[in-house]
Amino acid sequence: MHKDLCPGKVGLCSKMDTINGTLLLKYIRNVNFTGIAGTPVVFNVNGDAPGRYEIYQYQIINNTTEYKIIGHWTDQLHLDTNEMQWPGESQEVPSSICSQPCRPGQRKKTVKGIPCCWHCENCDGYQYQADTYTCKMCRFDLRPNANHTGCDAIPIVKLEWSSPWAVIPVLIAVLGIMATVFVVATFIRYNDTPIVKASGRELSYVLLTGIFLCYATTFLMISTPDVVICSLRRIFLGLGMSISYAALLTKTNRIYRIFEQGKMSVSAPRFISPASQLVITFSLISVQLLGVCIWFGVDPSQAIIDYEDQRTANPKMARGVLKCDISDLSLICLLGYSMLLMVTCTVYAIKTRGVPETFNEAKPIGFTMYTTCIVWLAFIPIFFGTSQSAEKMYIQTTTLTISVSLSASVSLGMLYMPKVYVVLFHPEQNVPKRKRSLKAVVTAATMSNKFNPKGGLRPNGEAKSELCESLETQDCVEGGEPCEGL
């Protein structure tokens, strides 16, 4: 200001005699020189003198602590980063931020009162990151991808033919079908021989048909579910067992009625002819078919994908199960009628357990039903005990198919294999018994029971034995007319 107003003069001139403060302020703001302390004297645009600070850092040097100058501030920051220390003796400068950015699959949860700070929360379970601040659940048929940024389709599984759970039931079924076909072929080949006749040919073929269907059910249970397969499952799963047990029940009931009638009268009971037995058997089978038809009318069959059956806590293990819409309760109802026939047949088998040994069917049927009951008593706890298992589909299907096949195998092995063995390897035993009038034999058995209740237990209990023989041969004569035996 002196140079501008008083050029070349020493001291104040007249122009500076009266100072203009506004003009003086303008010059003061533009001052820039080094003061006696060696620091610059300047003013910023606001007229403020710049801050002068020395920056210290608290450091540990040679096991002693001290403050060390690492820089200064004079209108701007000047740092000597080489002189700085950080925790863990790291040379990397830590971030000076409140919160780190969230990773993919994480949402921001803001800190109350500090909108620029947040916590990162994982979108866990079946959730995915919908936006920066929101996690949402995937649709029921989807699961989150690897980093939970979206959803992928849940894989669909079914029981494969190559699975160990399927190989064993299929092997049993194939062997059973081969054995059944062999027995049928043998019976057809020797259809007119005494042993085949004494077995009750008509009911035998019905029973063998039921046994065949029991084995064939395994292939339906393992096939890929669709509307046709599911419909066939409903029809044949219970039908094979119903045919088998209806035929056995008719046989045991017939045996029971014949020997009960023999205690009271010399006349033969009604409805013991082959035609009558077939009518009774098919009447019992029709109840099963009627129930299935009603079920079809109320709830048509369909294949479904169950996403809840294997919806595990870990989404990576989640699977959708392709299966038929048959619940556990519906399955038990489907098999319930067959089990009712089985229990009833077992009751009659117990009642006829005292039939003489010469009667060819009573004892094997009894052993068959006892063994079958044991098989199904073992099936029930296994089937329902695994209802919460992740392997439910495999265990229950395998258990069911093996139980059905074992039931058929018991009937086939105990009732028919001994006959086939005699027919093929001991033809000398396949000869007709001696013939006597049914009326005469029943009379003898009745009189024997009246005079000696234990006559049937005598080694030479001829009367009761002859009754059995006469009924077995299917060649007896009643009132001068031929009649069918057991």
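**Strand pairing, helices and selected residues in a predicted model**

Ile156 has Gly320 of strand E14 as its bridge partner, and 2 bridges join strand E12 to strand E14 (residues 319-324), the two running parallel. Strands are numbered from the N terminus and, like helices, are DSSP runs, with at least two residues (E) for a strand and at least four (H or I) for a helix; two strands are taken to pair if DSSP finds at least two bridges between them. These strands belong to an open sheet of 3 strands in the order E12-E14-E13, with mixed pairing. Its edge strands are E12 (156-157) and E13 (303-310), each of which pairs on one side only.

The structure is a predicted model, in which local features need pLDDT of at least 70 and side-chain atom pairs count only at pLDDT 80 or more, whereas totals for chains, interfaces and linings use all residues. Residues are numbered from 1 along each chain as its sequence is written, and side-chain values use heavy atoms, with hydrogens and water left out. The average pLDDT of the protein chain, that is, the predictor's confidence in each residue on a scale from 0 to 100, is 81, and 84% of the residues score at least 70. Over residues 436-486 the pLDDT stays under 50, and for this segment the model has 86 contacts beyond four places in sequence. Where pLDDT is low, the predicted coordinates should not be read in detail.

The protein chain contains 13 helices and 16 strands. Of its 486 residues, 40% count as buried, a term that means under 20% relative accessible area, with exposed meaning over 50% and partly exposed lying in between (1.4 Å probe, protein chains only). The chain exposes about 27,200 Å², of which carbon and sulfur atoms supply 61%; accessible areas come from the Shrake-Rupley method with a 1.4 Å probe, and for residues only the protein chains shown count as cover. Among contacts (heavy atoms within 4.5 Å) with a separation of 6 or more in the protein chain, 59% are between residues 24 or more positions apart.

One of the residues involved is Glu54, whose bridge partner in E4 is His72. The hairpin of E3 and E4 has 2 residues between the strands, and Asn62 there takes a positive phi near 55°. Asn63 also has a positive phi, near 65°, in a residue other than glycine, and at 77% relative accessibility Asn63 counts as exposed. Most residues other than glycine have a negative phi.

His148 is buried, with a relative accessible area of 18%. Arg107, located in strand E6 (residues 106-111), counts as partly exposed at 22% relative accessibility. Beyond its neighbours within four places in sequence, Arg107 is in contact with several residues, including Cys102, His119, Glu121 and Cys135. The C-alpha atoms of Arg107 and Ala130 are 8.7 Å apart in space, with 23 residues of separation in sequence.

Among the helices, H5 (residues 201-222) has 22 residues and reaches 33 Å from its first C-alpha to its last, close to the 32 Å expected at 1.5 Å a residue, where the expected span is 1.5 Å times one less than the number of residues. Helix H5 is mostly covered, 16 of its 22 residues being buried, and bends by about 25° at Tyr215; the bend at a residue is the angle between axes fitted to the seven residues ending there and the seven starting there. For helix H8 (residues 328-351), the 24 residues should span 34 Å, which agrees with the 33 Å between its end C-alpha atoms, and a kink of about 40° is centred on Gly336. Ile365, found in helix H9 (residues 362-385), counts as buried at 1% relative accessibility. Leaving aside neighbours within four places in sequence, Ile365 is in contact with Leu248, Lys251, Thr252, Cys345 and Leu415.
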